[in-house]
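Please open the model in your viewer and keep the selection tool at hand. The stops below go from an interface to a sheet.

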Amino acid sequence: MLPFAFSDPEWASCNLGVFICLNCSGIHRNIPQVSKVKSIHLEDWEDAQVEFMASHGNNEAKAKYESKLPPFYYRPTFMDCQVLREQWIRAKYERKEFMYVAKQEPYSAGYREGFLWKRGRDNGQFLSRKFILTEREGVLKYFNKHDAKDPKAVIRLNQINASFQPAKIGNPNGLQVTYLKDNSTRNIFVYHEDGKEVVDWFNAIRAARFHYLQVAFPGASDADLVPKLTRNYAKEGHMEKTGPK
C-alpha cells in the first residue's frame, strides 16, 4: 500500500524501502537522518538499493512501522494539510510511535493539559488559553486566564468535532473545534506553533471520543466507530435562503 493512497509514485526512500509521492518526498527530505530520498527515474540506483527495494516495499514497512497503530489515530490522505501529513510521517518513521505503545501517551492517556493560541470572538486576536481534556469527566475545557479555577467553556465529548482548517484560520497549524451549546453550533479556532503539539491535541480528542463511543455502543466494531470520531468538511460557508411562501 502506498502512503496516502497515492498511485504511480516517482520517488522512493531507498533506506526505508518505501515508494512515496512528490509531496511526501519533501517531508522525507526534511528528516535525512531517517529517510534517504531518491528519484525513481532521474537518479542512478545501485544494485544493492534496487534489491533492497524489491525485498521490502510499502506493505512490509506498514507491517513494521504501524504494528501498534491505535485505531483512533488519524491516517491522512494526500489531500490533507501539510501538518497532518508531516506529523504522520515523523510519528511513523522518526519517532516510531506506532511500534511502541508507550510513545503514544501524549494522545492516548485519557488526560491532556496545555496551552493553545485561541482566536478571540470579537477582535480576532489570538491569545494563549489553557485547555484540559479529560476522559473521566467526558469533556474538553478551556480557561480565559492561566490561573482561573472555573472554565470559560465546557464541551462534552459527545458534542465535539475537530478538523484542521489552516486557510480559514490563517495558520498552517490551525485547528477548528466545533460543538453544540444551547442547540446552536459554536466554533473555537486554535493553533500551536509546534506541529506535533497541535496534532497530538487532535488525536487526543479522537482518542477520547473513541473510548466514549466504545462505551456508548459496546457491540460496535472499530471500523464502525472510527468514521464517527471527527469529520472533515469539503466546503463550509453561507448561502442565501428564501423563507416559505
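How many residue pairs are in polar contact between domain 1 and domain 2? The count is two residue pairs, both at pLDDT 80 or more, where a polar contact is a pair of N or O atoms within 3.5 Å, one able to donate a hydrogen and the other to accept it, and residues adjacent in sequence count only if both atoms are side-chain atoms. This is a predicted model, in which local features need pLDDT of at least 70 and side-chain atom pairs count only at pLDDT 80 or more, while totals for chains, interfaces and linings use all residues. Residues are numbered from 1 along each chain as its sequence is written, and side-chain values use heavy atoms, with hydrogens and water left out.

Select 11–101 as domain 1 and 110–228 as domain 2, bounds that come from an automatic or database domain assignment. Their centres, taken over C-alpha atoms, are 29 Å apart. Between them the domains bury about 1,100 Å², with 73% of it on carbon and sulfur atoms; buried area is the accessible area (1.4 Å probe) that two parts lose on being put together, summed over both. Next select Pro71, Phe72 and Val83, which supply 48% of the area that domain 1 buries against domain 2, more than any other three residues.

Then move to the open sheet, where three strands lie in the order S2-S1-S3 with antiparallel pairing; strands are DSSP runs (E, at least two residues), numbered from the N terminus, and two of them pair if DSSP finds at least two bridges between them. Select Ser13, whose bridge partner in S2 is Val18.

Definitions and conventions: Helices (H or I, at least four residues) and strands (E, at least two) are DSSP runs, numbered from the N terminus.
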